[in-house]
Amino acid sequence: MAQLSDDCFAFGGPLMSLDAARGMLASRLVAVTEVERVALDDALDRVLAEDVVAGVSVPPHDNSAVDGYAVRFEDLSAERDTVLPIVARMAAGDRPVERDPAGTAVRIFTGAPMPAGYDTVMMQEDCGEREAPDGTRSVVIRPGIKRGANRRSAGEDVREGSVILRAGRRLRPQDVGLMAAVGLTGAAVRRPLRVAVVSTGNELEEPGRPLGPGAIYDANRFTLSALVRRMGGLVTDFGILRDNPAELRAALARAAEGHDLIVTTGGVSTGEEDHVKGAVESLGGLHFWRLAIKPGRPVALGQIRGKPFVGLPGNPVAAMVTFFCLARPLIQHLAGETVSEPTLFRVRADFDYRKKEGRREFVRVCLAPGADGELVATKFARDGAGVLSSMVESDGLVVLSEDMTRLERGGMVSYMPFSEVR
């Protein structure tokens, strides 16, 4: 297993742009998961560890794209109908016909290999057959067809020896299908990232239990666990850790055993009851990153006995936004996955907004067609970083760049649907 340097998360500046933070992760993190081989049936959503090279061409031979008649283009008249005797019949899976093709046609079906010497296929809907008194059959070809029409060339889809999938790709159904198309039965993939997820705080209670005075149900642990699982990680739920320094140290030490990453929410500020900071420092090292974003400026990164640690804010919206912005690419780096930037779409804003310069802000919005049919983003009514329902009722986030200070209704903005940060 690859190891991270002890100071990979060190940062001494007061405020860091999101681009700088991501650049630092890219330059300092390495994949920590081993390589294993799995059957294609088990490869979906796994991260490819090696480039995949095609051992065969797809298709392996020229074949017909339609049901019709294979002919030689040079035998066709450009001005009038051409009548050619039908000398053979070819279906998908048949061996290619080997005969002199001059002045003849072959009845052919979709996927059948092109017989040697024939270069064009006329669709059956565009021609007709004739039967002579002696039982022989001919096809009538109308003029106007192009040379090579309706013929698929060998290697048209994939060329033998070409790289069809790059290492670092999280495999989708079509990727698995493409590997099967070149005859592969398995793939070299990265072992799933093992992630310990922890919530901290005396005020937290497990869902389903009675709430005592001053208590709230723990939502962050379930949200973050679901986000990690959706990225292919294997989650161990370490439950709720109370604000007890000795218990925190013991639990975090256990989390470092057998896990590749520890993720916590809450308890990493400098308050008297925020003991996560001291526990992490006693077991490794901790650095605070103040990101120039809203919501979710403070994030803690460090190592616990050589395993990376991420401490996200306790407010649920801030926890999700910092996960999207920082934890997501961090997890991709550690898992050996190529980091993918979310695709942003340009939409029209149906709200006014003011913000500070130098800070990237994420505004919760719903998206719907306006009167002219163009998509319009409507801002969620409440802004609080603790309003988790806003993430449920919104469709995504409008991303306002660092240099913007004022948005006027009707202006064009960048929109990131939640589907882009899966």
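Student: How many residues line the largest cavity, and which of them lie nearest its centre?

Tutor: A cavity is a set of points on a 1 Å grid over the protein atoms alone where a 1.4 Å probe fits but cannot get out, and a lining residue has an atom within 4 Å of a point. Here 13 residues line the largest cavity, and Val 47, Arg 170, Pro 192, Leu 193 and Gly 232 lie nearest its centre. This is a predicted model, in which local features need pLDDT of at least 70, side-chain atom pairs count only at pLDDT 80 or more, and totals for chains, interfaces and linings use all residues. Residues are numbered from 1 along each chain as its sequence is written, and side-chain values use heavy atoms, with hydrogens and water left out.

Student: How much space lies in the largest cavity, and what classes of residue line it?

Tutor: A volume is the space filled by probe spheres set on the points, which are joined across faces, edges and corners. The largest cavity holds about 80 Å³, and the whole structure has three cavities of 30 Å³ or more. For classes, Ala, Val, Leu, Ile, Met, Phe, Trp, Tyr, Cys and Pro are nonpolar, Asp, Glu, Lys and Arg are charged, and the others, Gly among them, are polar. The lining of the largest cavity has six nonpolar, two polar and five charged residues.

Student: What is the volume of the largest pocket, and which residues are closest to its centre?

Tutor: A pocket is an open set of points with protein on both sides within 12 Å along at least five of seven lines. The largest pocket has about 560 Å³ of space. It is lined by 19 residues, of which Arg 170, Arg 328, Glu 337, Ser 340 and Arg 422 are the closest to its centre. By class, that lining has 10 charged, six polar and three nonpolar residues.

Student: At what angle do α1 and α6 cross?

Tutor: Two packed helices are described by the angle between their axes and the distance between the axes. Axes are lines fitted to C-alpha atoms, for helices over the stretch in contact, and angles run from 0 to 180 degrees between N-to-C directions. Helices (H or I, at least four residues) and strands (E, at least two) are DSSP runs, numbered from the N terminus. Helix α1 (residues 18–28) and helix α6 (residues 316–334) cross at roughly 15°, with axes that come within 10 Å. The two are therefore roughly parallel; angles under 35 degrees count as such, over 145 as roughly antiparallel, 65 to 115 as roughly perpendicular and the rest as oblique.

Student: Which residues of α1 and α6 meet?

Tutor: Contact means heavy atoms within 4.5 Å. Leu 18, Ala 21, Arg 22, Leu 25 and Ala 26 of α1 meet Phe 324, Cys 325, Leu 326, Pro 329, Leu 330 and His 333 of α6. By class, this contact has nine nonpolar, one polar and one charged residues.

Student: How are α4 and α5 oriented to each other?

Tutor: Helix α4 (residues 245–256) packs on helix α5 (residues 276–283) at about 55°, with the axes 9 Å apart, and the pair is therefore oblique.
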